[in-house]
Amino acid sequence: MTVEIRQADSVRQFAAVETAPEHVDDTARYLEGLFASGSSRPEWCFVAWRDGRPCGRVAFWALPRVGRPLDIVLLNLPWDGEADAIGRALLDGARRAMADAGLTTVGHCHDHPPRTPQWQTHGDARLAFLAGLGFRTQRDTLRFETALAPGAAVDPGDLRLRAATPDDETLLRQMVAAVAAASRDQIDIETVAAHGAEAHAVELIADLRSMRVDPGWWQIAFDAQGTAVGLVLPVAGADFGSIGYIGVLPAYRGRGHVDVLLAAGTALLREAGLPRLIADTDRSNTGMARAFTRGGWRQFGERRELLLPA
């Protein structure tokens with residue numbers, strides 16, 4: 001089998017490859033949004049051709065302010081046919097072409113059930129193909145969404161919330177490190193074990209800041225004694241807002257503080273007028289999942305965050 005790998009000729013051509021006709025418009029709009037936000041570029045979109053017809057496609061994604069490709073998105077192959085051979089040729093060729101753009105490790109998010117705008121159908125076949133290439137699961141998460149309409153006013157109780165300022169950099173780093181060191185999330189556990197809580201906090205905060213963070217979004221909660229007890233760090237992508245990170249320091253858990261922080265972060269995202277609000281938490285983090293449910297968020301799916309090491 002001879003498979004030729006080319007850059008996509010157009011958004012519409014790319015969106016139509018191995019895609020149900022009713023999903024092409026969704027895919028095209030999503031890709032155009034990625035270009036507009038700086039999360040992808042036309043030269044990062046590749047199509048596999050065989051016997052004069054397109055038979056697979058993949059694009060690369062970046063955090064908007066980073067610019068270096070990090071993940072693959074919009075992966076579609078002939079899942080009922082020769083997906084393995086075509087997919088291997090496609091990803092090998094695309095990765096070689098992206099080497100000069102700084103591509104090293106490659107991540108990918110697989111969502112279930114299939115949902116707009118990526119429509120990741122044939123989930124079992126996708127996961128088997130990626131596992132065969134060496135992708136491993138970094139996180140296994142539950143996905144939540146909430147209504148865009150304003151909810152009830154946030155009642156902080158005995159807490160005082162204020163926006164983080166440039167003078168809070170050390171405090172933010174210390175708090176994220178303390179939360180992560182006692183976290184139940186797989187990526188926190190693994191990264192803290194490998195690099196330490198302080199280094200993890202520095203990288204995590206930098207990653208969050210590579211997304212949209214409006215002034216006043218990041219909030220720190222203080223108790224009646226003026227002690228910082230928790231934080232919530234909302235962020236936004238090209239077409240969504242999310243709770244980028246949230247946590248209560250270990251000594252202050254079990255007092256309902258997470259509910260106040262989640263309500264505050266949700267209210268700020270709603271006020272921003274974003275198209276949708278979504279958030280993830282590890283499947284094993286049942287406490288955070290219950291907090292989302294109490295806060296009016298609804299579970300709509302599951303996500304596996306996959307990584308192919310360099």
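This is a predicted model: local features need pLDDT of at least 70, side-chain atom pairs count only at pLDDT 80 or more; totals for chains, interfaces and linings use all residues.

Residues are numbered from 1 along each chain as its sequence is written, and side-chain values use heavy atoms, with hydrogens and water left out.

**First stop: α3 and α4**

Two packed helices are described by the angle between their axes and the distance between the axes. Select residues 83–97, helix α3, and residues 123–133, helix α4; their axes come within 11 Å and cross at roughly 55 degrees. That makes α3 oblique to α4. Helices (H or I, at least four residues) and strands (E, at least two) are DSSP runs, numbered from the N terminus. Axes are lines fitted to C-alpha atoms, for helices over the stretch in contact, and angles run from 0 to 180 degrees between N-to-C directions. Angles under 35 degrees count as roughly parallel, over 145 as roughly antiparallel, 65 to 115 as roughly perpendicular and the rest as oblique.

Next, display the side chains where Ala83, Asp84, Gly87, Arg88 and Leu91 of α3 meet Phe129, Gly132 and Leu133 of α4; contact means heavy atoms within 4.5 Å. By class, this contact of α3 with α4 has four nonpolar, two polar and two charged residues. Here Ala, Val, Leu, Ile, Met, Phe, Trp, Tyr, Cys and Pro count as nonpolar, Asp, Glu, Lys and Arg as charged, and the others, Gly among them, as polar.

**Second stop: α5 and α7**

Select helix α5 (residues 169–181) and helix α7 (residues 197–209), whose axes come within 8 Å and cross at roughly 115 degrees. α5 and α7 are therefore roughly perpendicular to each other. Residues making the contact include Leu172, Val176 and Ala180 of α5 and Ala201, Leu204 and Ile205 of α7. The contact of α5 with α7 divides into ten nonpolar, one polar and four charged residues.

Select Asp111, His112, Pro113, Arg115, Arg143, Phe300, Gly301 and Glu302, which line the largest cavity. Its volume is about 30 Å³. On a 1 Å grid over the protein atoms alone, a cavity is a set of points where a 1.4 Å probe fits but cannot get out, and a pocket is an open set with protein on both sides within 12 Å along at least five of seven lines; lining residues have an atom within 4 Å of a point. The largest share of the cavity lining, three residues, comes from β12.

Now follow the backbone: a cis peptide bond joins His112 and Pro113, with omega about 0 degrees. Another cis peptide bond joins Thr116 and Pro117, with omega about 5 degrees. Pro117 lies in the loop between β5 and α4. Then move to Asp51, in the loop between β2 (45–50) and β3 (53–61); Asp51 has a positive phi of about 55 degrees although it is not a glycine.

**Last stop: the second largest pocket**

The second largest pocket holds about 250 Å³ of space. Of its 17 lining residues, the closest to its centre are Ala152, Val154, Ala263, Ala267 and Arg270. Select α8 (257–271) and α9 (286–294), each of which supplies at least two residues of the lining. The largest share, seven residues, comes from α8.

Note on methods. Grid points are joined across faces, edges and corners, and a volume is the space filled by probe spheres set on the points.
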